[in-house]
Amino acid sequence: MTRIVVATTLMDDCRLPLRTAAELATRLGGELTVLGFVPELVPGAAAWPSHPALKQVQAWVTSALPGNSPMPRVAARGGLPGVEMPRFAEEVNADLLVVGRCEVGGVGTLADAVLRRSRKPCLVLPCQWERLDPIVVALDGSERGFQVHEAASEIAGRMQVPIQTVTVEPAERDAAVAGPSGRSLRLLTRVQALAGRNHGAAALRLAPPTLHIRAGDVVRELLAEVAEVGAGMLAVGWRWGGPSDRIPSGSVGRRLALEAPCGVLAVPL
């Protein structure tokens, strides 16, 4: 993940997510683009190099980053941020879209609007959150779910930090009493096999691959894992789309992205 876009509404609360995204880009050896939203622009229209809106974004970025930070690329757009952020990420073929979760509440927030529309992996950062590691990866047992492990392993390998994987057994099954299910044992075997390949190898050298098996409500247990590990980032899979006025009961990834106290890497499945 080397092409990173951080999208911002240029509010004061968005300064820390920008700095965190800049740190991430540096640690990944990537290129950062800051997309700022300026209401005066025509919806969907891009600002040309000498446009006042682009200068406004540049000034805000300069004020938000430390004085010794390299200046990222900047862009400016008008329109609805929740629509234009994912659209811009696709236009520039970004590997990762970073957005701050600065509003109070979950449904209807900007982060929620972006998650529902983005086909690109998103990193949702609470606006007072700075840490990026350790990384916890949530696996649901599906083959598609390993796309989450792959994305998190790439980031962990580039940042030279270990990852911890976790899965949650169904609520009606007490894993502590019955022992791990065949599903969880297959997950562990797969995690161990993947950890020594490609970009996962760096993380493997830092810590052996493990799979923590929990039982109960998925969201509650994953949030408990985040707290116990002291995670800086939680990687989850999610299915894009869905209504804007409510969070479907099955949208575990979407709920976590809007409730977790740490950064959430949401990988579309």
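Mentor: What follows is a set of questions about terms, each answered from a value and a definition.

Trainee: What should I know before reading the values?

Mentor: This is a predicted model, in which local features need pLDDT of at least 70, side-chain atom pairs count only at pLDDT 80 or more, and totals for chains, interfaces and linings use all residues. Residues are numbered from 1 along each chain as its sequence is written, and side-chain values use heavy atoms, with hydrogens and water left out.

Trainee: How many helices and strands does the chain have, and what makes a helix or a strand here?

Mentor: The chain has 10 helices and 10 strands. Helices (H or I, at least four residues) and strands (E, at least two) are DSSP runs, numbered from the N terminus.

Trainee: Why is T165 called buried?

Mentor: Buried means under 20% relative accessible area, exposed over 50%, and partly exposed in between (1.4 Å probe, protein chains only). T165 has a relative accessible area of 1%, so T165 is buried. T165 lies in strand 7, residues 163–169. Neighbours within four places in sequence aside, T165 is in contact with V137, L139, H149, V191, T210, L211 and H212; contact means heavy atoms within 4.5 Å.

Trainee: Why is R73 called exposed?

Mentor: The relative accessible area of R73 is 54%, and therefore R73 counts as exposed. R73 belongs to strand 3. Not counting residues up to four places away in sequence, R73 touches E31, L32, T33 and V34. The C-alpha atoms of R73 and V61 are separated by 9.8 Å, and these residues are 12 apart along the chain.

Trainee: What share of the chain is buried?

Mentor: Of the 269 residues, 51% are buried. Among contacts with a separation of 6 or more, 77% join residues 24 or more positions apart.

Trainee: Why are helix 1 and helix 2 called roughly perpendicular?

Mentor: The axes of helix 1 (residues 15–28) and helix 2 (residues 52–64) cross at roughly 80° and come within 9 Å. Axes are lines fitted to C-alpha atoms, for helices over the stretch in contact, and angles run from 0 to 180 degrees between N-to-C directions. Angles under 35 degrees count as roughly parallel, over 145 as roughly antiparallel, 65 to 115 as roughly perpendicular and the rest as oblique. Helix 1 and helix 2 are therefore roughly perpendicular to each other. R15, L18 and R19 of helix 1 make the contact with W60, V61, S63 and A64 of helix 2.

Trainee: What makes helix 3 and helix 4 oblique instead?

Mentor: Helix 3 (residues 81–91) and helix 4 (residues 110–117) pack at about 45°, with axes 8 Å apart. The two helices are therefore oblique to each other. P81, G82, V83, M85 and P86 in helix 3 meet L110, A113, V114 and R117 in helix 4. This contact has seven nonpolar residues, one polar and one charged. Ala, Val, Leu, Ile, Met, Phe, Trp, Tyr, Cys and Pro count as nonpolar, Asp, Glu, Lys and Arg as charged, and the others, Gly among them, as polar.

Trainee: Which residues of helix 3 are buried, and what do they pack against?

Mentor: G82, E84, M85, P86, F88 and A89 are buried in helix 3. The buried residues of helix 3 pack against strand 1 (3–8), strand 2 (31–37), strand 3 (73–77), strand 4 and helix 4.
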